[in-house]
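Please read them with the structure open.

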Protein chains: 2
Amino acid sequence: MSEADKDFMRRAIELAQRGMGSNAGGPFGCVIVKEGRIVGEGWNRVTSDNDPTAHAEVVAIRDACTRLSSFQLTGCKVYTSCEPCPMCLGALYWARPEAIFFAANRDDAAYGGFDDDFIYKELERPIGERTIPLANLLPDEGRALFDEWLKKTDKTTY
Amino acid sequence: MSEADKDFMRRAIELAQRGMGSNAGGPFGCVIVKEGRIVGEGWNRVTSDNDPTAHAEVVAIRDACTRLSSFQLTGCKVYTSCEPCPMCLGALYWARPEAIFFAANRDDAAYGGFDDDFIYKELERPIGERTIPLANLLPDEGRALFDEWLKKTDKTTY
C-alpha cells in the first residue's frame with residue numbers, strides 16, 4: 001500500500017466525518033480514483049435524502065459513472081471508510097473496479113449499530129428461510145422476458 | 001397469492017418490457033405497493049443513465065421512499081420481474097418491506113446473460129479469495145469513526 005493509497009483513504013474518512021457532522025446519514029465515506037485522480041466521491045445520505053440505497057459507495061459510484069460517462073468503473077480503485085455491505089459490494093461487482101480498499105470492517109460496523117453482517121448471512125440462506133419472505137409468482141411470464149431480450153437486436157449489454 | 005398480487009406482478013413485467021423497448025437497460029421491472037396502492041415503480045436504466053446501480057428494484061425503492069418521505073418501506077410489498085441480485089436484495093433488506101415477490105429466477109437471469117449467481121457466490125467467498133481484490137487499509141482510523149458516531153447525541157439511526 002502506497003502513501004497515495006493512504007491519502008485517498010484519509011479523504012474517504014474525512015468525507016465520512018463531514019457527512020456525519022452535517023447529519024446527512026451514518027459515518028461512511030468513499031472515494032473513487034482513476035489514474036491517480038479522484039473521479040467520484042460520496043458519503044452516506046440515507047436519512048437526509050430518504051434513500052436507503054444512498055450508502056457512501058453507491059453515491060460515489062453514481063458520481064464517478066456520471067463524471068466518466070460510463071456504466072463501468074474500469075481501471076478504477078475504490079477507497080471506502082468501511083467494508084462494503086452486501087448492497088454496496090453487489091453494486092461494486094456490477095461496476096467492476098480493479099480494486100477495493102476498506103478501513104473499518106463489518107465487526108466495527110456492527111459495534112456502531114450497523115448490521116451488515118446480518119444481511120450477509122441472510123443472503124446465504126435459502127429463499128424460504130429468510131426473515132423477509134420471498135415468493136415466486138408468474139415464473140413463466142418472468143422467464144419469457146429473457147427470450148424477448150435475447151431476440152432483441154439493438155440491445156446494449158452490460 | 002391473490003389476483004391483485006398477479007396484477008401487480010403483471011405491471012412489473014410490463015415495465016420491464018417498456019424499459020427494454022426504449023433501450024433504457026435490461027429487461028427488469030419493479031412495483032412497490034402499500035395498502036393496495038402502487039407507491040413506487042422502476043425499470044432498469046443502467047445503460048441509458050450510466051448508472052450501474054439503476055436496477056429496477058433500486059429505482060423503485062428510491063421512487064417509493066421519495067413519495068412516502070421515508071427511508072423505510074414499512075408495510076410495503078415488492079413485486080419484481082426477476083429474483084433480486086445481491087445488490088438489490090441488500091437494498092431491500094435496508095428498506096425493510098414486509099414481503100418480496102419475484103417472477104423469473106436467477107437461473108433465468110443467467111440464461112439471459114445476467115450473472116447474478118456469480119455475484120451471489122463471490123459474496124460468500126472469504127475476502128482474500130474474491131475476483132475483485134479487497135484490501136484493508138487504516139483499520140484503526142476507520143474504526144474510530146464508529147466511536148465518534150456512538151458519542152454523537154443528535155444522530156438519526158436507521
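The points below take the interface, then the sheets, then the salt bridges.

1. Basis. This is a predicted model, in which local features need pLDDT of at least 70, side-chain atom pairs count only at pLDDT 80 or more, and totals for chains, interfaces and linings use all residues. Residues are numbered from 1 along each chain as its sequence is written, chains are lettered from A and ligands numbered from 1 in the order in which they are written, and side-chain values use heavy atoms, with hydrogens and water left out.

2. Extent of the interface. Chain A puts 94 residues into the contact and chain B puts in 95; contact means heavy atoms within 4.5 Å. The buried area is about 8,400 Å², with 68% from carbon and sulfur atoms. That area is the accessible area (1.4 Å probe) that two parts lose on being put together, summed over both. In chain A, the greatest losses to chain B fall on Tyr93(A), Trp94(A) and Leu137(A), together 10% of what that side buries.

3. Polar links across the interface. Between chain A and chain B, 37 residue pairs are in polar contact, both residues at pLDDT 80 or more. A polar contact is a pair of N or O atoms within 3.5 Å; within protein, one must be able to donate a hydrogen and the other to accept it, and residues adjacent in sequence count only if both atoms are side-chain atoms. Helix α7(A), residues 139-151, supplies the largest share of chain A's side, 10 residues. Helices (H or I, at least four residues) and strands (E, at least two) are DSSP runs, numbered from the N terminus. By type, chain A's side has 52 nonpolar, 20 polar and 22 charged residues. Here Ala, Val, Leu, Ile, Met, Phe, Trp, Tyr, Cys and Pro are nonpolar, Asp, Glu, Lys and Arg are charged, and the others, Gly among them, are polar.

4. Five strands form an open, mixed sheet in the order β2(A)-β1(A)-β3(A)-β4(A)-β5(B). β2(A) (37-43) and β5(B) (134-136) are the edges, each with a single partner strand, so one side of each has no neighbour in the sheet. Strands pair if DSSP finds at least two bridges between them. Within chain A, β1(A) (29-34) and β2(A) are antiparallel over six bridges. Gly29(A) has Trp43(A) as its bridge partner. Helix α1(A), residues 3-21, lies across β1, β2, β3 and β4 of chain A, at about 145° to β1(A). Axes are lines fitted to C-alpha atoms, for helices over the stretch in contact, and angles run from 0 to 180 degrees between N-to-C directions.

5. The sheet that takes β5(A). Its order is β5(A)-β4(B)-β3(B)-β1(B)-β2(B), again open and mixed. Its edge strands are β5(A) and β2(B). The twist averages 20° from one strand to the next. Helix α7(A) packs on this sheet, touching β5(A), β3(B) and β4(B), at about 55° to β4(B). At the chain crossing, β5(A) and β4(B) (99-104) are parallel over three bridges. Ala135(A) is bridged to Phe101(B) there.

6. Salt bridges. The rule is a side-chain nitrogen of Lys or Arg within 4 Å of a carboxyl oxygen of Asp or Glu. Asp51(B) and Arg62(A) form one at 2.8 Å, N to O. Glu3(B) and Lys6(B) form another at 3.7 Å. Those two are about one helical turn apart, because they are three residues apart in helix α1(B).
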